[in-house]
Amino acid sequence: MFDELRQSFRTMFEGARTPADRREVVAQMKESLVRARLGRDDLRAGVEASRRRVEAAREELETTRRRGRLAADVDDRETVSVAARFEAQQAERLAVLERKLAAQEAELALVEREVAEMGAELKRAAAGVASAAAPGGGPNAFARASAAE
């Protein structure tokens, strides 16, 4: 998801010749990481909302099944038929919600890893800027740090 962004930062950082240029790239990386974390937080909220919807759908399905059994016990064929139709609809809805939740959880796991990688890259870049600005750090300090990856 963030691979292109990370690659563009690497390219910019490698082209940054002065410490000021490198600091600017690091500042942009920080801003991007903040946005990525906000996106991750939105995904987490979406996963939690989906979990609540799945739980509510399970409860609705169980209620419909219970009503169908009660209707069968009193031999109300019309209500049994209606309950069976609603049970099928609710079971299908639950299956869709469960697949949606699984996809959201997989996406969240992917984004969690990417945000962690971006944070690690930012730390390496910031360390490269600090060492480049330090005496003896030289203009290629970050390039050496990137090459070590």
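1. A quick term before anything else: a residue is called buried under 20% relative accessible area, exposed over 50%, and partly exposed in between. Arg 44, at 35%, therefore counts as partly exposed. Keep in mind that this is a predicted model.

2. The protein has four helices and zero strands, and from the N terminus on the elements run α-α-α-α. Of the 149 residues, 30% are buried. Among contacts with a separation of 6 or more, 71% are between residues 24 or more positions apart. The protein exposes about 9,500 Å², with 54% of that supplied by carbon and sulfur atoms.

3. On to the inside. Ten residues form the largest nonpolar core, including Val 25, Met 29, Leu 33, Val 115 and Leu 122. The elements giving two or more residues to this core are α2 (19–73) and α3 (77–133). There is also a second, separate core of eight residues, with Leu 61, Leu 94, Leu 97 and Leu 108 among them. As a general point, nonpolar side chains in soluble globular proteins tend to be buried together.

4. Leu 108 deserves a look of its own. This leucine sits in helix α3 and, at a relative accessible area of 13%, is buried. Setting aside neighbours within four places in sequence, Leu 108 touches Arg 40, Leu 43, Arg 44 and Val 47.

5. Now the charges. The count of salt bridges is ten. In one of them, the side chains of Arg 44 and Glu 112 meet at 2.7 Å, N to O. This pair links distant parts of the chain, with Glu 112 in helix α3 and Arg 44 in helix α2, 68 residues apart. Glu 112 is partly exposed at 25%. Both residues also belong to a salt-bridge network with Arg 40 and Asp 41.

6. Another bridge joins Arg 51 and Glu 105, at 2.9 Å, N to O. Arg 51 is in helix α2 and Glu 105 in helix α3, so this pair ties together parts 54 residues apart in sequence. Arg 51 is partly exposed at 36%, and so is Glu 105 at 32%.

7. One backbone detail to check: Asp 75 has a positive phi of about 60° although it is not a glycine. Asp 75 is in the loop between α2 and α3 and counts as exposed at 53% relative accessibility.

Note on methods
Residues numbered from 1 in each chain as written. Predicted model: local features only at pLDDT ≥ 70, side-chain atom pairs only at ≥ 80, totals over all residues. Heavy atoms only, no water. Core = buried A, V, L, I, M, F, W, Y, C linked by side-chain atoms within 4.5 Å. Buried < 20%, exposed > 50% of the residue type's maximum accessible area, 1.4 Å probe, protein only. Contact = heavy atoms within 4.5 Å. Areas by Shrake-Rupley, 256 points an atom, 1.4 Å probe, with all protein chains shown as cover. Salt bridge = Lys/Arg side-chain N within 4 Å of Asp/Glu carboxyl O.
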